[in-house]
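Good morning, colleagues. Please keep the display in view as I speak.

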Amino acid sequence: MPPKNKEERLNISKNYFDQNFDKSVKEIEKVLKKSIKEKDKEAEAISLINLGGLYFEKKKYTIAEKNYIKALEIIRKEDLK
């Protein structure tokens, strides 16, 4: 059964952190795409932070940094706390 709300989608993306890297990235990217489609900037920023964390753990620092920067830009623009 697919997640119904933002909290469920974000929890699913967090739960994948400890599992397979490729599967984790795919799941978080699904959440990110849905967040963009729904114009949910908070969920979009969190998804980007989660992606950044995955890439950071794999020592893919350039990709991690790009995701963190995108998230920070959204947070600042939308004045998210």
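Let me begin with accessibility: a residue is called buried under 20% relative accessible area, exposed over 50%, and partly exposed in between, with a 1.4 Å probe and protein chains only. The model is a predicted one, in which local features need pLDDT of at least 70 and side-chain atom pairs count only at pLDDT 80 or more, while totals for chains, interfaces and linings use all residues. Residues are numbered from 1 along each chain as its sequence is written, and side-chain values use heavy atoms, with hydrogens and water left out.

First, the overall layout. The chain contains 4 helices and 0 strands, where helices (H or I, at least four residues) and strands (E, at least two) are DSSP runs numbered from the N terminus. Along the sequence, the pattern reads α-α-α-α. Of the 81 residues in the chain, 35% are buried.

I turn to helix α2, residues 21-37. The expected span of a helix is 1.5 Å times one less than its number of residues. At its start, a side-chain oxygen of Asn 20 comes within 2.9 Å of the backbone nitrogen of Asp 22. Such a polar contact is a pair of N or O atoms within 3.5 Å; within protein, one must be able to donate a hydrogen and the other to accept it, and residues adjacent in sequence count only if both atoms are side-chain atoms. The buried residues of α2 include Phe 21, Val 25, Ile 28, Val 31 and Leu 32.

What follows α2? Just after this helix, Lys 39 adopts a positive phi of about 60°. Most residues other than glycine have a negative phi. Lys 39 is not a glycine; it sits in the loop between α2 and α3 and is exposed, at 70% relative accessible area.

Helix α3 covers residues 41-57, and its 17 residues reach 24 Å from first C-alpha to last, close to the 24 Å expected. Asp 40 caps its N-terminal end, with a side-chain oxygen 3.3 Å from the backbone nitrogen of Glu 42. Among the buried residues of α3 are Ala 45, Leu 48, Leu 51, Leu 54 and Tyr 55. After α3 comes Lys 59, again with a positive phi, near 60°. Lys 59 lies in the loop between α3 and α4 and is exposed, with a relative accessible area of 61%.

Now to the aromatic residues. Rings of Phe, Tyr and Trp (its six-membered ring) pair if their centres lie within 6.5 Å; planes under 30 degrees apart count as stacked, over 60 as edge-to-face and the rest as tilted. By this rule there are 2 aromatic pairs. In one, the ring centres of Phe 21 and Tyr 55 are 5.4 Å apart and the planes stand at 80°, so the pair is edge-to-face. This pair links distant parts of the chain, with Phe 21 in α2 and Tyr 55 in α3, 34 residues apart. Phe 21 is buried at 16%, and Tyr 55 is buried at 13%. Phe 56 and Tyr 61 are also edge-to-face, at 5.1 Å centre to centre and 65° between the planes. Here Phe 56 is partly exposed at 41%, and Tyr 61, at 43%, is partly exposed.

Which residues make the nonpolar surface patch? Ile 49, Phe 56, Tyr 61 and Tyr 68 form it, over about 370 Å². Patches are made of residues with over 30% relative accessible area and no salt bridge, with like charges joined within 9 Å and nonpolar side chains (Val, Leu, Ile, Met, Phe, Trp, Tyr) within 5 Å. The areas come from the Shrake-Rupley method with a 1.4 Å probe, and for residues only the protein chains shown count as cover. Helices α3 and α4 (61-78) each supply at least two residues of the patch.

Finally, the charged pairs. A salt bridge is a side-chain nitrogen of Lys or Arg within 4 Å of a carboxyl oxygen of Asp or Glu, and the count comes to 4. One of them joins Lys 41 to Glu 44, with the closest N and O atoms 3.4 Å apart. Both lie in α3, 3 residues apart, about one turn of the helix. Lys 41 is partly exposed at 32%, whereas Glu 44 is buried at 11%. Another joins Glu 38 and Lys 34, at 3.9 Å from N to O.
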